[in-house]
Amino acid sequence: MTTPEAEPEQGGAPRPEERLEQAVRAAEQALIEYEIALETFRVEVENFSRLHEQRLGPVYARLEELEAQILEARAARTGDPEDLRRADEARARLMPIPGVEELLNGWMDGDGLFPEATAMLTEQAVRPPQRVRPGEEARRLYRELARKAHPDLAQEEGERVRREEFITRVNAAYARGDEGELRKLAEEWAAGPAPERRPSRGEELYARLEWLDRRKEMLTLLAKELEESAIGAMLRLAPDDPDRLLEEIADQLATQVREREAELAELGRS
């Protein structure tokens, strides 16, 4: 099939360079679309991971504390060296470390759960966790900027560096869901210098296709890591309603907490 960009030679067949140029352009656009999808999924995984930790982190911490108390109560009753070892290991895993408050986003310190976390465990009203989910307009602006300013479209090293720095700012604004910043970046790009494109020799085009292929392989590995991660797998279970999934997990964990509390109370009565 002959395209408008590929004018045939007098003999009727397009030049090899023209066919290569078409292949390179198609590969570039396919790679950009793939990177946009991957970055969108990465932001979703990162945001869901943050929300998961904020919403369920205190419940996991409570379960681990109950497990340690159960093992300690069992060891105190039996005096068995193996039970004592297990209890010591469980307690050691819960020992505070420097910076634990920062690591746990203010939910817990060396003295245990903060009041807000305790309120959450007892189903009292608490401040909702901060969530960052780019809206539709932010998504549109991000895709438009990524397609226009993507570093893979650069033909010179200086232009590639400029685009990489710009896209880094675009990605950061998108991760924050900052529509205003994305609009400013769109205006900045529109006012900036137009990228220069030079005719490519056949060997340069071949090298370009090989680089694009290697880049796609690397991105495929990153996508696989995201998809196979615990948070990525959870997000795929309910991509359109992650809040519902968190509520379901929270209910399951609450049941486990009640079961452990009952078990601990029973050991205390023995």
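Select Glu39, Arg42, Glu46 and Arg50: these residues are linked in a network of salt bridges. A salt bridge here is a side-chain nitrogen of Lys or Arg within 4 Å of a carboxyl oxygen of Asp or Glu. Side chains of opposite charge can pair when their charged atoms come close. A search of the whole structure finds 28 salt bridges.

Before going on, note that this is a predicted model, in which local features need pLDDT of at least 70 and side-chain atom pairs count only at pLDDT 80 or more, while totals for chains, interfaces and linings use all residues. Residues are numbered from 1 along each chain as its sequence is written, and side-chain values use heavy atoms, with hydrogens and water left out.

**The whole chain**

Zoom out and colour by secondary structure. The chain has ten helices and two strands. Helices (H or I, at least four residues) and strands (E, at least two) are DSSP runs, numbered from the N terminus. From that end, the order of elements is α-α-α-β-β-α-α-α-α-α-α-α. Of the 270 residues in the chain, 34% are buried. Buried means under 20% relative accessible area, exposed means over 50%, and partly exposed lies in between (1.4 Å probe, protein chains only). Contact means heavy atoms within 4.5 Å. Among contacts with a separation of 6 or more, 70% join residues 24 or more positions apart.

**Helix 1 and helix 2**

Select helix 1 (residues 16-78) and helix 2 (residues 81-93). Two packed helices are described by the angle between their axes and the distance between the axes. Axes are lines fitted to C-alpha atoms, for helices over the stretch in contact, and angles run from 0 to 180 degrees between N-to-C directions. The axes of helix 1 and helix 2 come within 8 Å and cross at roughly 155°. Helix 1 and helix 2 are therefore roughly antiparallel. Angles under 35 degrees count as roughly parallel, over 145 as roughly antiparallel, 65 to 115 as roughly perpendicular and the rest as oblique.

Now show the side chains at this contact. On helix 1, pick Glu65, Ala68, Gln69, Leu71, Glu72, Arg74, Ala75 and Thr78; they meet Asp83, Leu84, Arg86, Ala87, Ala90 and Arg91 of helix 2. By class, this contact of helix 1 with helix 2 has six nonpolar, two polar and six charged residues. Ala, Val, Leu, Ile, Met, Phe, Trp, Tyr, Cys and Pro count as nonpolar, Asp, Glu, Lys and Arg as charged, and the others, Gly among them, as polar.

Which residue forms a salt bridge with Arg91? It is Glu72, with the closest N and O atoms 2.8 Å apart. Arg91 lies in helix 2 and Glu72 in helix 1, so the pair ties together parts that are 19 residues apart in sequence. Arg91 is partly exposed at 23% relative accessibility, and Glu72 is partly exposed at 31%.

**Helix 1 and helix 5**

Ile32, Glu33, Ile36, Glu39, Thr40 and Glu44 in helix 1 meet Arg139, Tyr142, Arg143, Ala146 and Arg147 in helix 5. These residues divide into four nonpolar, one polar and six charged.

**His52**

Return to helix 1 and select His52. Is His52 buried or exposed? His52 is buried, at 10% relative accessible area. Leaving aside its neighbours within four places in sequence, His52 is in contact with Gly57, Tyr60, Ile231, Met234 and Leu246.

**Helix 6 and helix 7**

Next, select helix 6 (residues 157-176) and helix 7 (residues 179-191), whose axes come within 9 Å and cross at roughly 160°. Helix 6 and helix 7 are therefore roughly antiparallel to each other. Residues of helix 6 including Phe166, Val170 and Tyr174 belong to this contact, and those of helix 7 include Leu182, Leu185 and Trp189. The contact of helix 6 with helix 7 has seven nonpolar, no polar and seven charged residues.

Being four residues apart in helix 6, they are separated by about one helical turn. Arg163 is buried at 2% relative accessibility, and Glu159 is buried at 13%.

**Last stop**

Finish at Glu259 and Arg260, whose side chains meet in a salt bridge (3.9 Å, N to O). Glu259 is partly exposed, with a relative accessible area of 45%.
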